[in-house]
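Visitor: I have a sequence and a model to look at, and I would like to know what stands behind the labels. Could you walk me through it?

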Amino acid sequence: MKKWKQHQGVLQLVGLIIIVPLVAWGFGFRQTVKLWRACNARQEMVSRLAESRSGVGNELPGSVSGKQILNNGVLLGQLERPIRDNGVKMVKYTPYLTREEGELQVHTGELVLSGERERAFALVRPPGHHAMRVTHGNRGFCNVNMEAVMIENLRRRFGPLRVAIVDTDCHHGDGTQDIYWNDPDTLFISMHQDGRTLYPGTGFLPECGGPGALGRTVNIPLPPGTGDEGYLYVTKNVVLPLLEAFKPDLVINSAGQDNHYTDPLTNMQLSAHGYAAMNALLNPHIAVLEGGYSIRGALPYVNLGICLALAGLPFEHVHEPDHDAKALKQRPQVTEYISRLCDDVLNQYHNPPSRPSEGHRDGEWWRRERNIYYDTDGLSEHQNEGIRLCPDCPGLTCIETSSDRVDKSLCLLLPRNACPHCRDLAHRLVETTGKKSGRYAHVLCIGGQ
Ligand SMILES: [Zn+2]
Ligand SMILES: [Zn+2]
């Protein structure tokens, strides 16, 4: 007990923030308790889903308003409630976010960037890494991409930041990839179970960024059965060298814990000790909880391991009662596969392709067509995306979007450092194509700051 008290003091000293999930924040208390009492995979899933839907509709207060998020070039929220503006239908933005979660996550980032804390861990839910730029509903339990909310607020407050996001959730972080697809100042690395074997079925090597940020998206699709050995190999041999090359101002770990060997939804074999060791190597400024569905078998051990690693404390004594090192030993075929995969990933980062893998060139635009399924809400969205191939900035992005819920709408996204030409073009497109053509139910132009 005395030892633990000492540890507590050290934890506070090094600035570790443990934000206990929603317990102190009223609204989530019952869901949290229910969640931790769940005793099988089915119940966990149901509780998890209920929690992810619970705060919908609460407006973010203060400095984190939906409008500010939009102005930073990240489109988050539902396209609904059309209002009339000079005879033209415009979008009223509806934040799709819990107040507590947004505040906590942004506050976590601010504490680190302001120097008040050295590192921080935002233990918040629901997760967000499946939520994309355009959001018609809930996908993979995610409503809004909380990390993007945090990052864009930090950029607004602390100026231009080079940010590296290392997503270690077992599922591909397709929402975060989508948001930063064409942002050269954000390196997104996702190591996940191969999409041929797990939701959302994406996250392959050729997906390496839009035309203005080729190579800035790095996918590492790992084979089922990857254990501590594989995760640590990837971290040492790929992730750390890439971080060294990119030189970010801020490193964020999307710390999903569904790669644990007890997780009911996935097929990996990571232990709490392995996770802590990986986190110690990454040494992120901020860790953010994402998925993790083994509520009693994994989360208490993994979260403790992450806390200790962030605090620079030994984590070897974290003991998982049912851990069987022999049974969980990674198969040699998996080890060989990962070794070859790492070589390919490194090679691609240093020699990125000259054009994106998906889509085609159409004059000064790079176009691609996408179908996005919202598994939680049972919605289908269709997108036509065009990114301007601009020599002076990452390029204006135009997204035509429609879903079972929303008629065809137009979203224009200006990058943070948009050039005058892209700005003028966006303005003209809003006035002509957008407002006068009558083709769109909603028109929205955001970003450019
Ligand atoms: Zn996950
Ligand atoms: Zn431009």
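Guide: A helix here is a DSSP run of H or I with at least four residues, and helices are numbered from the N terminus. By that rule Tyr 275 sits in helix 9, which covers residues 272-282. Please keep in mind that this is a predicted model.

Visitor: Why is Tyr 275 called buried?

Guide: The label needs 20 or more other C-beta atoms within 10 Å. Tyr 275 has 26 C-beta neighbours inside 10 Å, so Tyr 275 counts as buried.

Visitor: What makes a residue a contact of Tyr 275, and which ones are in contact with Tyr 275?

Guide: The two C-beta atoms must lie within 7 Å. Setting aside neighbours within four places in sequence, the contacts of Tyr 275 are Gln 257, Leu 270, Val 302, Gly 305 and Ile 306. As for Ala 255, 20 residues away along the chain, its C-alpha is 9.2 Å from that of Tyr 275.

Visitor: What makes helix 6 mostly covered?

Guide: Ten of its 13 residues are buried, among them Met 146, Val 149 and Arg 155. After helix 6 comes Gly 159, with a positive phi near 90 degrees.

Visitor: And what share of the whole protein chain counts as buried?

Guide: By that count, 51% of the 449 residues.

Note on methods. Residues are numbered from 1 along each chain as its sequence is written. Chains are lettered from A and ligands numbered from 1 in the order in which they are written. This is a predicted model: local features need pLDDT of at least 70, side-chain atom pairs count only at pLDDT 80 or more; totals for chains, interfaces and linings use all residues. A residue is buried if 20 or more other C-beta atoms lie within 10 Å of its own, exposed if 12 or fewer, and partly exposed in between; C-beta atoms are placed from the backbone. Helices (H or I, at least four residues) and strands (E, at least two) are DSSP runs, numbered from the N terminus.
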